[in-house]
Amino acid sequence: MTIKNYINGAYCMPSSQDWLDVINPSVGEIYGKLPNSNREDVQLAYEAAKKAFPEWSKTSVEKRSAILAKIADLIEDNLEVLAKAESMDNGKPLSLAKAVDIPRAATNFRFFSQAITQFYSESHEQIAAKSINFTLRQPIGVVGCISPWNLPLYLFTWKIAPALAAGNCVLAKPSEVTPYTAFLLAELCSKAGLPKGVLNIVNGLGSSTGQAIVEHPNIKAISFTGGTKTGAHIARTAAPLFKKLSLELGGKNPNIIFADCDYDKMLTTTVKSAFANQGQICLCGSRIFVEASMYEQFKTDFVKKVKQLKVGLPSKKDSDLGALVSEDHLEKVLSYVEKAKQEKMNILCGGEKLTTENGKNGYYMQPTIIEVSSNDCILNQEEIFGPIVTLMAFENDKEALALANTTSYGLSATVWTNNLKRSLHFSEHLETGIVWVNTWMQRDLRTPFGGQKNSGVGREGGFEVLRFFTEAKNICINYE
Ligand code: NDP
């Protein structure tokens, strides 16, 4: 299996002649190779995108919209193939890829195919001065989109769909760990009639290929989703080049549970928000804070439910959790269990690597709950990005809010309560870009998406991202 770059509407070999292995994490075996592209490959992709830009940017919104909608249809037609590829590449349960990841990739294209037809800009009249101002929203040119491995096609398309809808040409790099579905998508884009050069996919390591995209002087905007450390590095690189940046970074999201909540709904959703996709979602509720009066009850019920979760081969229908994405990542996640043991924390369940019945050499791990006595501990302050959550009791609203906000991250938070006043108070004071009340990961693509503090800069979703992918130009006409 050879994954290739996609430049100027065709699959091609890298001029670097350098290749990397791609591994199926559910069995720990190499299933293919992918290019480790160099600056020359990035430049070739850039040239193709630059050449395609004048025509694509002037293509009518209706036509652009129709092509994007066609891509959505083709993703849906190829659901099985794409879901299998995603599950093999990432280790996630096939059922999850089928029900969530791939349908969402289609939705991303369909949503932005429609959103662009409704996109508008402002106008202001200055009556006394007899002038009118209006703002043009023009495509930027060639933009860079860099996405992570946890929701590969879901996040790849979350970036490229609005970028293309807004009339830009794109140079995109999927994570080197999970390149397969982006590779398959390229062919579907060609089939849908996306003109050559409008989308270019260059594979390779973040530190070389990704870096070359960020350093390219004529790629004027970068949309990046990934780790906070990488985001800071990208910001430092891009700043002297005055690039527009959208950074969607890590999270350490609080899940705050009050005794007055709808208990059964909360319990079921909390299991999901803790361990969906093996806990490898930036929005996972990894710090669980529970009101003291119901702490023991919750602890018993939560541990019982989590112990029932099945970890197994992603292809098995009854697997709730699949494999972690790579051996390195598994080792990193397990190192937090070691830290918990060193600190004599109470491991309520899990904590072990699983290697036997679940695919001999795959990267599996038990879902793990650790009781902590202080929010200052490393487990509550560092993003683990795996199947580990912590549990801690709180006495009152003030303490819960302080605990939730005491972190360098600020992506999302969940609050469980039926008290309206309390839910509004928390919504106002939580230092996050997203607050869910009595739900988790319920998404409406029209809404702004992103984080505060070290969780990112800027917002994606809806018109926010269309604004990001366009330059605003104000025009003032005096009609005196
Ligand atoms: P990384 O930051 O390691 O990588 C993200 C992407 O950036 C990959 O394509 C990577 O390439 C690339 N990259 C790495 N270094 C550079 C560089 N110097 N210049 C340009 N590109 C580079 O993140 P992960 O892939 O490990 O993803 C997990 C992280 O993503 C977690 O922290 C998670 O919280 C965050 N995330 C945030 C979301 C949000 O919306 N806020 C959503 C999902 C995840 P390669 O893989 O080839 O090294």
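**Exercise 1. How many helices and how many strands make up the secondary structure of the protein?**

Keep in mind that this is a predicted model. Going through its secondary structure, you get 15 helices and 24 strands. Now for the overall packing: the radius of gyration is 23 Å, close to the 23 Å that the globule rule gives for 480 residues, so the protein is as compact as a globular protein of that length. As for dimensions, the C-alpha trace spans about 70 × 65 × 40 Å along its principal axes.

**Exercise 2. Decide whether C284 and C349 are buried or exposed.**

Buried means under 20% relative accessible area. C284 comes in at 5%, so call it buried. C349 has 7% relative accessibility and therefore counts as buried too. Zooming out, buried residues make up 57% of the 480 in the protein.

**Exercise 3. Describe the surface and the charges of the protein.**

First, the accessible surface: about 19,700 Å², with 52% of that belonging to carbon and sulfur atoms. Second, the charges: there are 51 positive and 50 negative side chains, and the centres of these two sets lie 4 Å apart.

Key
Residues are numbered from 1 along each chain as its sequence is written. This is a predicted model: local features need pLDDT of at least 70, side-chain atom pairs count only at pLDDT 80 or more; totals for chains, interfaces and linings use all residues. Side-chain values use heavy atoms; hydrogens and water are left out. Buried means under 20% relative accessible area, exposed over 50%, partly exposed in between (1.4 Å probe, protein chains only). Helices (H or I, at least four residues) and strands (E, at least two) are DSSP runs, numbered from the N terminus. The radius of gyration is taken over C-alpha atoms; the globule rule is 2.2 Å times the number of residues to the power 0.38. Accessible areas come from the Shrake-Rupley method with a 1.4 Å probe; for residues, only the protein chains shown count as cover. Lys and Arg count as positive and Asp and Glu as negative; His and the chain ends are not counted. The place of a charge is taken as NZ of Lys, CZ of Arg, CG of Asp or CD of Glu.
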